[in-house]
Amino acid sequence: MTLADAQPQALDFECETGNYHTFCPISCVAWLYQKIEDSFFLVIGTKTCGYFLQNAMGVMIFAEPRYAMAELEEGDISAKLNDYEELKRLCMQIKRDRNPSVIVWIGTCTTEIIKMDLEGLAPRLESEIDIPIVVARANGLDYAFTQGEDTVLAAMAHRCPKSNAVVEESEKQERGNAITSLLNFGKKKEEVVAEESEYHDHAPLVMFGSLPDPVVTQLTLELKKQGIKVNGWLPAKRFTELPVIDEGYYVAGVNPFLSRTATTLMRRRKCKLIGAPFPIGPDGTRAWIEKICSVLDVEPKGLEEREAKIWANLEDYLEIIRGKSVFFMGDNLLEVSLARFLIRCGMTCPEIGIPYMDKRYQGAELKFLEQTCIDMGVPMPKIVEKPDNYNQVQRIYEHDVDLVITGMAHANPLEARGINTKWSVEFTFAQIHGFTNARDILELVTRPLRRNNSLKDLGWDKLVKEEAKV
């Protein structure tokens with residue numbers, strides 16, 4: 001992966017040999033089936049996978065979600081049954097009941113172990129049922145659960161159309177850009193033409209990363225203010241609206257865990273990756289927009305005032321966390337971006353634990369983190385890849401931190417030891433991108449601190465008995 005941004009040298013990187021205490025990547029189904037509205041996700045795994053999905057997405061029990069489990073029995077695992085016929089039966093049922101525009105097969109650990117040839121089965125079955133089948137091996141062999149989305153988007157990148165494909169012009173316009181259609185809804189043709197003339201003449205730009213529709217609209221409008229046109233988003237709201245991607249197109253990611261998708265777009269589709277910090281927090285959003293502007297040779301305007309206004313609106317939260325320390329145990333690969341934003345807010349961060357670090361894809365973010373520490377006059381955090389949780393707990397005691405952002409497995413044990421915690425998974429599902437959502441990040445971060453302040457006012461500052469009478 002070749003990026004213009006050099007890897008920062010002042011940051012201290014370490015690698016331990018801990019286990020990956022994160023969810024299984026098949027959990028990506030939870031947000032992707034809602035994002036891609038005409039899709040159906042078929043998870044091919046054992047009963048354990050089914051139990052996990054039932055627990056992870058139990059709130060959807062009344063919504064009849066667009067995903068299902070293809071449970072492997074003993075006969076399947078011992079290769080006594082015909083995989084093709086069984087998958088064909090399930091896909092025919094899905095077509096009959098739901099008629100989706102695409103079926104996504106999610107491979108699990110079991111399909112890897114028994115060497116199930118999903119990529120070989122899919123094209124043959126696709127031609128029989130006349131529905132595209134995308135194969136994504138979002139299994140537990142990945143480092144973090146968010147990488148499930150990365151695997152799915154990398155598989156979908158191969159399905160993005162090319163402009164020189166045999167498609168009628170009218171058909172192409174029908175497919176169009178869903179975001180552009182939404183922004184132009186209700187406007188006269190003359191108004192749309194006038195707005196189009198406001199864009200700078202730059203190379204086509206495609207964004208990748210699954211975000212809620214309101215956040216997609218916000219980021220698209222932020223770039224529109226700079227005269228930059230977004231040609232499409234991967235994934236699109238509908239599979240039939242995947243963006244056109246040609247050789248030489250510029251692409252930019254919005255999440256730090258999408259390195260596989262970035263590699264696929266560069267190597268397979270010959271795109272140019274814009275190595276920018278990620279649009280998390282007002283500082284990150286401004287840096288993201290500025291880097292895109294610089295690559296597309298556009299002069300950014302009004303960003304300094306925009307960022308200053310957002311910071312002024314966050315002051316009530318900043319008063320709570322300024323001068324406090326935060327420790328990241330590592331869970332969802334958002335740690336570096338969140339740490340950089342919180343350091344800019346006035347916190348210190350002795351350590352950033354992260355399950356996996358792609359220094360090339362996150363190169364710009366690492367450089368921005370280093371610069372933020374210099375600007376704020378705080379020590380550089382130590383970045384620990386694949387951290388050993390036992391060692392981390394000792395370091396948490398040693399640094400006497402005010403807040404630990406951790407996976408759900410360790411939150412309660414740490415709370416029982418009098419350490420403030422926040423679930424890292426909440427940042428995965430919250431709207432944290434862009435200028436306007438910075439407040440949501442600080443709402444999550446300050447919640448345990450505000451709760452404890454309220455408990456102290458009530459005289460309940462000791463919730464755990466140090467000695468128990470037998």
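**Close-up views of a predicted model**

**View 1. An open sheet of four strands, in the order β7-β6-β8-β9, pairs in parallel.** β7 (232–234) and β9 (272–273) are the edge strands, each with a single partner strand, so one side of each is left without a neighbour in the sheet. Strands here (E, at least two residues) and helices (H or I, at least four) are DSSP runs, numbered from the N terminus, and two strands pair if DSSP finds at least two bridges between them. Strand β8 (residues 250–253) is joined to β9 by two bridges, and the two run parallel; Val251 has Leu273 as its bridge partner in β9. Lying across β6 (205–208), β7, β8 and β9 is helix α12 (residues 259–267), which runs at about 150 degrees to β6. Axes are lines fitted to C-alpha atoms, for helices over the stretch in contact, and angles run from 0 to 180 degrees between N-to-C directions.

A note for all views: this is a predicted model, with local features needing pLDDT of at least 70 and side-chain atom pairs counting only at pLDDT 80 or more, while totals for chains, interfaces and linings use all residues. Residues are numbered from 1 along each chain as its sequence is written, and side-chain values use heavy atoms, with hydrogens and water left out.

**View 2. A cis peptide bond sits between Leu234 and Pro235.** Its omega is about 5 degrees. Pro235 belongs to the loop between β7 and β8.

**View 3. Strand β5 (residues 133–136) is covered on both faces.** Ile133 and Val135 on one side, and Val134 and Ala136 on the other, are all buried (buried means under 20% relative accessible area, exposed over 50%, partly exposed in between, with a 1.4 Å probe and protein chains only). Strand β4 (residues 102–107) runs parallel to β5, with four bridges joining them. Val104 finds its bridge partner in Val134 of β5.

**View 4. Ile106 is one of the residues with the most contacts inside the largest nonpolar core.** A nonpolar core is a set of buried Ala, Val, Leu, Ile, Met, Phe, Trp, Tyr and Cys residues joined through side-chain atoms within 4.5 Å. Leaving out residues up to four places away in sequence, Ile106 touches Ile26, Val29, Phe41, Leu42, Val43, Ile44, Ala136, Ala138 and Val152; contact means heavy atoms within 4.5 Å.

**View 5. Helix α4 (residues 83–97) crosses helix α6 (residues 118–129) at roughly 45 degrees.** Their axes come within 11 Å. That angle makes α4 oblique to α6; angles under 35 degrees count as roughly parallel, over 145 as roughly antiparallel, 65 to 115 as roughly perpendicular and the rest as oblique. Asp83, Tyr84, Leu87, Lys88, Cys91, Met92 and Lys95 of α4 make the contact with Leu118, Leu121, Arg124, Leu125, Glu128 and Ile129 of α6.

**View 6. Phe278 sits in the loop between β9 and α13 (281–295).** With 1% relative accessibility, Phe278 counts as buried. Neighbours within four places in sequence aside, Phe278 has contacts that include Gly253, Val254, Asn255, Pro256, Trp288, Arg340 and Tyr361. Phe368 is 90 residues away from Phe278 in sequence, yet the C-alpha atoms are 9.9 Å apart.

**View 7. The axes of α13 and helix α16 (residues 335–344) come within 8 Å.** They cross at roughly 115 degrees, which makes α13 roughly perpendicular to α16. Gly281, Pro282, Asp283 and Gly284 in α13 meet Arg340, Phe341 and Arg344 in α16.

**View 8. Asn99 and Asp400 are non-glycine residues with positive phi.** Asn99, in the loop between α4 and β4, has a phi of about 50 degrees and is exposed, at 54% relative accessible area. For Asp400, phi is near 50 degrees; the residue is in the loop between α18 (389–399) and β13 (403–406) and counts as exposed at 61% relative accessibility.

**View 9. Thr17 and Asp388 are 371 residues apart along the chain, with 6.0 Å between their C-alpha atoms.** Thr17 is in the loop between β1 (12–15) and α1 (29–35), and its relative accessible area of 69% makes it exposed.
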